[in-house]
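Subject: Structure handover

Hello,

Here is the structure we spoke about. Please open it alongside this note; my findings follow below.

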Amino acid sequence: MPGNDTAAIIARWPAEGTPKHKPMLILAHMDVVDALPSDWTTDPFELVEKDGYFYGRGSGDDKGGLVPSLVALLKLKEAGFKPNRDIVILFTGDEETQGKGAELGATEWRKWTEAEFALNADGGGGAFTRDGKPLGFGLQTSEKTFQTYYFRTRNPGGHSSRPRPDNAIYDLADALKKLQGYRFEPALNETTKVYFTERAKQEGTASSAMQCAPGWPTPPTARALTASNPIRSRLA
Ligand SMILES: [Zn+2]
């Protein structure tokens with residue numbers, strides 16, 4: 001990969017005969033976030049199956065998306081399935097770091113990755129009850145990313161023999177405490193509105209998070225949303 005020592009793979013399963021549709025693209029990433037073996041009870045870089053769970057760095061993100069995608073294609077091939085459109089896979093190796101593979105996939109490699117739509121195994125996902133009843137399948141249409149802000153405080157300063165009650169470091173600490181207490185108001189989009197509407201049907205609107213469902217008179221603050229379930233703070 002230009003710029004780093006990871007690899008990416010693009011592979012194509014051509015349609016049988018003349019394709020009826022434009023290709024579909026399946027995306028996943030092969031790399032994992034770093035892991036300190038001393039923090040682990042098993043070797044983080046070896047997949048271990050224990051008591052019904054998989055242990056291993058990245059067994060969820062994104063081997064849990066990558067491996068089933070690949071296995072599904074292999075099984076389809078084995079079963080004699082003949083695709084009526086090309087199926088293209090793009091597996092990248094730097095999603096957790098530079099994201100160059102995805103960037104190239106959307107630009108320079110477009111001649112190989114061009115598709116009618118892409119399915120990214122790294123987002124969304126389904127869940128089952130313990131007895132195997134499907135709970136639903138969530139689709140992720142976008143992802144929040146981080147934003148870096150810098151705080152700088154200035155103060156006339158002085159001499160340590162004559163300490164003053166104010167101080168640039170304290171000003172910075174005050175600002176950080178204010179930041180800690182600040183919560184943005186939830187801003188729902190088309191996807192999250194549908195999500196809350198559907199979940200409200202399953203769970204009712206008793207929990208404060210579900211009061212985000214459209215039509216609820218006073219949507220809760222993001223703080224209430226986070227308090228009820230931190231995972232849901234990503235949705236608003
Ligand atoms: Zn991921």
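Helices (H or I, at least four residues) and strands (E, at least two) are DSSP runs, numbered from the N terminus. Please keep in mind that this is a predicted model.

**Overall layout**

The chain holds 6 helices and 8 strands. Read from the N terminus, the order of elements is β-β-β-β-α-β-α-α-β-β-β-α-α-α. There are 236 residues in the chain, and 16% of them count as buried. Take the contacts between residues at least 6 apart in sequence: 62% of these join residues at least 24 apart.

**The sheet**

Start with the open sheet. It has 4 strands, ordered S1-S5-S2-S6, with mixed pairing. Strand S1 (9–13) and strand S6 (117–120) are the edge strands; each has a single partner strand, so one side of each lacks a neighbour in the sheet. From one strand to the next, the twist averages 20°.

S1 pairs with strand S5 (residues 87–92) in the antiparallel sense, over 5 bridges. Within that pairing, Ile-9 has Phe-91 of S5 as its bridge partner. Helix H1 (residues 63–78) packs on the sheet and touches S1, strand S2 (24–29) and S5. The direction of H1 makes about 140° with that of S2.

**The core**

Which residues make up the largest nonpolar core? There are 11: Leu-25, Ile-26, Leu-27, Ala-28, Leu-66, Val-88, Ile-89, Leu-90, Phe-91, Ala-115 and Ala-121. S2 and S5 each supply at least two residues of this core.

Leaving out neighbours within four places in sequence, Phe-91 is in contact with Ala-8, Ile-9, Ala-28, His-29, Met-30 and Leu-66.

Next, look at Thr-113. This residue sits in helix H3 (residues 110–113). Is Thr-113 buried or exposed? The cut-off for buried is 20 or more other C-beta atoms within 10 Å. Thr-113 has 21 other C-beta atoms within 10 Å, so Thr-113 is buried. Residues up to four places away in sequence aside, Thr-113 touches Ile-10, Leu-25, Val-88, Leu-90 and Gly-105. Thr-113 and Ile-10 are 103 residues apart along the chain, yet their C-alpha atoms are separated by 7.7 Å.

The length of H1 checks out. At 1.5 Å a residue, its 16 residues should span 22 Å, and the end C-alpha atoms are 22 Å apart, which agrees. Just after H1, Gly-80 has a positive phi of about 85°.

Asp-62 lies in the loop between strand S4 (53–55) and H1.

Asp-51 also deserves a look. Its phi is near 50°, a positive value in a residue other than glycine. Asp-51 is in the loop between strand S3 (48–50) and S4. Asp-51 has 5, so Asp-51 is exposed.

**The S7–S8 hairpin and helix H5**

Strand S7 (residues 125–128) and strand S8 (134–138) run antiparallel, joined by 4 bridges. Ala-127 stands opposite Gly-136 in S8. The two strands form a hairpin, with 5 residues between S7 and S8. In the turn, Gly-132 has a positive phi of about 90°.

Helix H5 (residues 190–203) has 14 residues. At 1.5 Å a residue they should span 20 Å; the end C-alpha atoms of H5 are 20 Å apart, which agrees. Buried in H5 are Tyr-195, Phe-196, Arg-199 and Ala-200. These residues cover an arc of only 130° around the axis, so they lie on the same side of H5. Glu-190 and Lys-201, on the other side of H5, are exposed. What do the buried residues of H5 pack against? Their partner is S8.

Over to you.

Best wishes

Conventions
Residues are numbered from 1 along each chain as its sequence is written. This is a predicted model: local features need pLDDT of at least 70, side-chain atom pairs count only at pLDDT 80 or more; totals for chains, interfaces and linings use all residues. Two strands pair if DSSP finds at least two bridges between them. Axes are lines fitted to C-alpha atoms, for helices over the stretch in contact, and angles run from 0 to 180 degrees between N-to-C directions. Two residues are in contact if their C-beta atoms, placed from the backbone, lie within 7 Å. The expected span of a helix is 1.5 Å times one less than its number of residues. A residue is buried if 20 or more other C-beta atoms lie within 10 Å of its own, exposed if 12 or fewer, and partly exposed in between; C-beta atoms are placed from the backbone. The arc is that of the directions from the helix axis to the C-beta atoms. A nonpolar core is a set of buried Ala, Val, Leu, Ile, Met, Phe, Trp, Tyr and Cys residues joined through C-beta atoms within 7 Å.
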